[in-house]
Amino acid sequence: MYEKLTELITTGDYKEALYEFQEEYLHIGEREPKDAAKLCLLEASLWEALADSTSEYDAIARGIAYDGGNYELFYMLGL
């Protein structure tokens, strides 16, 4: 579902990844909770790569609100 965003983050094209994220985030309310949490996880990964821990934490918190059972989000918190 988020292949392009994942690829951009993986290859280090963070500027383009931010644009792609914004496009996807516009439709987050239309997604299933697990898919919305996955988008938040990718957002948190992006902020982590950009060394913005406050935005990273906010993305993780939003993801947990969508899907409290997503272990990857808790892993990113260090729990």
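Student: At what angle do helix 1 and helix 3 pack, and how far apart are their axes?

Tutor: Good place to start! In this predicted model, helix 1 (residues 3–11) and helix 3 (residues 33–49) pack at an angle of about 20°. Their axes are 10 Å apart.

Student: Why is helix 1 called roughly parallel to helix 3?

Tutor: Set the value against the cut-off. Angles under 35 degrees count as roughly parallel, and the angle here is about 20°. Helix 1 is therefore roughly parallel to helix 3. As for handedness, helix 1 passes helix 3 in a left-handed crossing.

Student: Which residues make the contact between helix 1 and helix 3?

Tutor: Helix 1 brings Leu5, Thr6 and Ile9, while helix 3 brings Leu39, Leu42 and Leu46. Sorted by class, this contact has five nonpolar residues, one polar residue and no charged ones.

Student: What makes helix 2 and helix 3 roughly antiparallel?

Tutor: The axes of helix 2 (residues 14–25) and helix 3 cross at roughly 155° and come within 11 Å. Angles over 145 degrees count as roughly antiparallel, so that is the relation of helix 2 to helix 3. The crossing of this pair is left-handed.

Student: Which residues of helix 2 and helix 3 make their contact?

Tutor: From helix 2 come Tyr14, Ala17, Leu18, Phe21, Glu24 and Tyr25. From helix 3 come Leu39, Glu43, Leu46, Trp47 and Ala49. By class, that gives nine nonpolar, no polar and two charged residues.

Student: Now for the whole chain: how many helices and strands does the chain have?

Tutor: There are five helices and zero strands, and read along the sequence the pattern is α-α-α-α-α.

Student: How do you know that the chain is as compact as a globular protein of its length?

Tutor: Compare two values. The chain's radius of gyration is 12 Å, and the globule rule gives 12 Å for 79 residues. To picture its extent, the C-alpha trace spans about 30 × 30 × 15 Å along its principal axes.

Student: What percentage of the residues in the chain are buried?

Tutor: Residues count as buried under 20% relative accessible area, and buried residues make up 34% of the 79 in the chain.

Student: And what share of the contacts with a separation of 6 or more comes from residues 24 or more positions apart?

Tutor: Such residues account for 49% of those contacts in the chain.

Key. Residues numbered from 1 in each chain as written. Predicted model: local features only at pLDDT ≥ 70, side-chain atom pairs only at ≥ 80, totals over all residues. Heavy atoms only, no water. Axes fitted to C-alpha atoms, helices over the stretch in contact; angles between N-to-C directions. Helix = DSSP H or I, 4+ residues; strand = E, 2+ residues; numbered from the N terminus. Parallel < 35°, antiparallel > 145°, perpendicular 65-115°, else oblique. Left-handed = near helix turned anticlockwise from the far one by under 90°. Contact = heavy atoms within 4.5 Å. Nonpolar A, V, L, I, M, F, W, Y, C, P; charged D, E, K, R; others polar. Rg over C-alpha atoms; globule rule 2.2 N^0.38 Å. Buried < 20%, exposed > 50% of the residue type's maximum accessible area, 1.4 Å probe, protein only.
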